[in-house]
Amino acid sequence: MAPVGGKKAKRGILERLNSGEVVIGDGGFVFALEKRGYVKAGPWTPEAAVEHPEAGASIVGVNCHFDPTISLQTVKLMKEGLEAARLKAHLMSQPLAYHTPDCNKQGFIDLPEFPFGLEPRVTTRWDIQKYAREAYNLGVRYIGGCCGFEPYHIRAIAEELAPERGFLPPASEKHGSWGSGLDMHTKPWIRARARKEYWENLRIASGRPYNPSLSKPDAWGMTKGTSELMQQKEATTEQQLRELFEKQKFKSAQ
Ligand SMILES: [Zn+2]
């Protein structure tokens, strides 16, 4: 989680949320490190763990595996559950920065594109501004992102919620909000894009006419207790890998 708010950052997370502050968290660095070659697939490093275990159940929410839309639907259910049980807790959401409407119950790890072919699913900064607003309206005050989130996504959250937080993030100095920096572009049709209405209403194309828009999740049906799910201490053998490759061929043909 990236601390925000200058000197206020020294206060505890609960204290900050209790005072009504909107906190923005980033848990998205694991994929970035993996893509850049700094970490290998396997058990997560301690650095990726939550920084505030003392918070316990004072904060309730979702992290990772699903896109912003699905995550907020889930938080809404949690909120209704809390209200029904007359419990009070801060709400949190840290979705993926990938669109995964087709990922099914297991989340994005079941998509055939996981983890190294997910780029076409990356959300735009405008998708994330919309997500931040919807999260805020739902009552979420710990609003962030997990895998796939890049710094410009986090900035988009901070900019969308600048009126509530009372300040813009430092990185806003690097660009004009809602594309306003395009007003100096050499091409007039690009200058015409220097406004909020343009980016807010644009239906973006994927640029991949030969690809399906949705995938079929792997759905191997392996749950806790299945032998292949066990994390081994030693490297996977050639034989074990061959068995998995065969299984994948069989499953894909189904
Ligand atoms: Zn994640």
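## The zinc site

In sequence, the residues that donate to the zinc ion follow the spacing C-x81-C-C. This is a predicted model. The protein donors are Cys64, Cys146 and Cys147, each through its SG atom. They lie 2.1 to 2.3 Å from the zinc ion.

Cys64 and Cys146 link distant parts of the chain, 82 residues apart. Cys64 sits in the loop between β2 (59-63) and α3. Cys146 sits in the loop between β4 (142-145) and α5 (151-160). Are these two cysteines buried or exposed? Cys64 has a relative accessible area of 8%, so Cys64 is buried. Cys146 is at 2% relative accessibility, so Cys146 also counts as buried.

## The chain as a whole

The protein chain has nine helices and four strands. Read from the N terminus, its elements run α-β-α-β-α-β-α-β-α-α-α-α-α. The protein chain holds 254 residues, and 33% of them are buried.

## Aromatic pairs

A pair of aromatic rings is described by the distance of the centres and the angle of the planes. How many aromatic pairs does a search of the whole structure find? The search finds five. One of them joins Tyr98 and Phe108. Their ring centres are 6.2 Å apart. Their planes meet at 25°, and stacked pairs have planes under 30 degrees apart, so this pair is stacked.

The Tyr98 and Phe108 pair links distant parts of the chain, 10 residues apart. Tyr98 and Phe108 both lie in the loop between β3 (90-94) and α4 (125-138). Tyr98 is buried, with a relative accessible area of 2%. Phe108 is also buried, at 2% relative accessibility. Phe108 pairs with Phe114 too, with ring centres 4.8 Å apart. Here the planes are at 75°, and edge-to-face pairs have planes over 60 degrees apart, so the pair is edge-to-face. Phe114 has 28% relative accessibility, so Phe114 counts as partly exposed.

Other rings form a cluster. Ring pairs link Trp126, Trp178, Tyr198 and Trp199 in it.

The largest share comes from α4, with eight residues. By class, the lining of this pocket has 15 nonpolar, 10 polar and 12 charged residues.

Where does Ala194 lie? Ala194 is in the loop between α7 (188-191) and α8. Ala194 has 24% relative accessibility, so Ala194 counts as partly exposed.

Ala194 and Ser180 are 14 residues apart along the chain. Their C-alpha atoms are separated by 4.4 Å.

Conventions. Residues are numbered from 1 along each chain as its sequence is written. This is a predicted model: local features need pLDDT of at least 70, side-chain atom pairs count only at pLDDT 80 or more; totals for chains, interfaces and linings use all residues. Side-chain values use heavy atoms; hydrogens and water are left out. Rings of Phe, Tyr and Trp (its six-membered ring) pair if their centres lie within 6.5 Å; planes under 30 degrees apart count as stacked, over 60 as edge-to-face and the rest as tilted. Helices (H or I, at least four residues) and strands (E, at least two) are DSSP runs, numbered from the N terminus. Buried means under 20% relative accessible area, exposed over 50%, partly exposed in between (1.4 Å probe, protein chains only). Ala, Val, Leu, Ile, Met, Phe, Trp, Tyr, Cys and Pro count as nonpolar, Asp, Glu, Lys and Arg as charged, and the others, Gly among them, as polar. Donors are N, O and S atoms within 2.8 Å of the metal (3.2 Å for Na, K and Ca); water is not among the atoms, so sites may look incomplete.
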